[in-house]
Amino acid sequence: MIDETLQKQLSTAISEQLNVKILINEAKSVHGGDINQAYRIDTNEGYFFLKMNDAEKYPDMFRQELAGLQALHGANALPVPKPLAYGKVGSRSYLLLEFITKGQTVADFWDNFALLLARQHRVTQPHFGFNTPNYLGTLKQYNTPYSNWPVFYAFNRLLPLIRMAYDRQIVDKGMVNQVESLCKQLPRLFPAEPPALLHGDLWSGNFMVGSNGRACVFDPAVYYGHREMDLAMTRLFGGFDTRFYYAYQAVYPLQPGWQQRIGVCQLYPLLVHLILFGGNYYNSIREVLQAY
């Protein structure tokens with residue numbers, strides 16, 4: 001809920017950042033996930049999308065999300081809501097984005113989606129990582145740069161999470177040992193590739209069909225990583241048509257053995273979900289580890 005006082009404070013803060021007078025006429029609550037409250041705000045300058053959360057719990061989440069959206073926006077590939085402003089009002093943080101109007105898919109929706117993702121994945125930099133840590137869900141995602149993907153994946157992704165899960169008594173020492181053993185195998189499992197600009201959390205709940213009938217992605221956990229991470233994430237919960245995968249392979253073929261690496265790439269989001277939600281994710285992790 002955005003009361004009248006908060007609306008005025010937001011109007012002032014956003015106006016200062018955008019350098020244009022913004023008056024909020026109405027704030028309509030929309031789905032914003034488990035962490036954030038989300039609103040479509042009607043202003044004198046049109047509609048915007050506003051996300052808010054607890055500034056004490058997540059003091060830098062929106063600053064980091066904005067940096068990720070800016071990186072994706074600058075890639076001129078998969079469309080994202082244009083990031084406009086972020087800040088803090090009282091005890092709440094906010095992130096202001098372009099409002100995307102929903103549409104209906106066009107005939108080549110999946111082909112175009114894959115083409116643009118492949119274009120995004122060709123955006124590279126010298127090291128794996130990102131210029132700031134960020135979040136996947138409510139968990140901190142560390143992006144310390146490494147020139148080697150297996151080292152990055154082990155030390156910034158798998159090892160910190162399995163140790164966190166152990167400290168919280170979610171997994172036993174045997175599973176920790178299995179993950180550590182898998183990390184030693186990563187150099188022979190992954191072929192060398194340049195760092196790719198990743199969305200980082202590319203599941204079906206993080207894209208929508210825009211007014212032009214094309215895909216628009218949002219809620220990223222951006223970093224430069226191995227591109228198979230994004231593709232494995234799309235397979236974790238379903239929702240992507242087979243045409244998407246055929247089209248991606250046609251324009252930017254994956255290296256041999258990619259099918260066998262899907263589970264290894266899914267291990268990171270599975271660990272995140274295990275820590276956050278528990279449940280059957282434990283069994284899914286065990287199945288991946290037993291395969292190696």
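This is a predicted model: local features need pLDDT of at least 70, side-chain atom pairs count only at pLDDT 80 or more; totals for chains, interfaces and linings use all residues.

## Helix H2 and what follows

Just after H2 you'll run into Asn76, with a positive phi of about 55 degrees. Asn76 belongs to the loop between H2 and strand E4 (83-89). Its relative accessibility is 59%, so Asn76 counts as exposed.

## Positive phi without glycine

Most residues other than glycine have a negative phi. Asn76 isn't a glycine, yet its phi is positive. Asp219 is another case: not a glycine either, but with a positive phi of about 45 degrees.

You'll find Asp219 in the loop between strand E10 (215-217) and strand E11 (223-225). Asp219 counts as partly exposed because its relative accessibility is 29%, which falls between the 20% and 50% cut-offs.

## Aromatic pairs

How many aromatic pairs does the structure hold? The count is 24. Take Phe109 and Trp110: their ring centres are 4.9 Å apart and their planes sit at 85 degrees, so this pair is edge-to-face. Both Phe109 and Trp110 are buried. They also belong to one aromatic cluster, together with Phe113, Phe207, Phe240, Phe244 and Tyr245.

Trp149 and Phe190 make another edge-to-face pair, because their planes are at 80 degrees, with ring centres 6.1 Å apart. This pair links distant parts of the chain, 41 residues apart: Trp149 is in helix H4 (residues 149-167), while Phe190 is in the loop between helix H5 (173-189) and strand E8 (196-198). Are these two partners buried or exposed? Trp149 has a relative accessible area of 4%, so it is buried. Phe190 comes in at 5% relative accessibility and therefore counts as buried too.

## Charges over rings

Two spots pair a charged side chain with a tyrosine ring. At one, the charged end of Arg122 sits over the ring of Tyr252, 3.8 Å from the ring centre. At the other, Lys173 lies over the face of Tyr166, and here the distance to the ring centre is 5.7 Å.

Notes: Residues are numbered from 1 along each chain as its sequence is written. Side-chain values use heavy atoms; hydrogens and water are left out. Helices (H or I, at least four residues) and strands (E, at least two) are DSSP runs, numbered from the N terminus. Rings of Phe, Tyr and Trp (its six-membered ring) pair if their centres lie within 6.5 Å; planes under 30 degrees apart count as stacked, over 60 as edge-to-face and the rest as tilted. Buried means under 20% relative accessible area, exposed over 50%, partly exposed in between (1.4 Å probe, protein chains only). A charge sits over a ring if NZ of Lys or CZ of Arg is within 6 Å of the ring centre and within 35 degrees of the ring normal.
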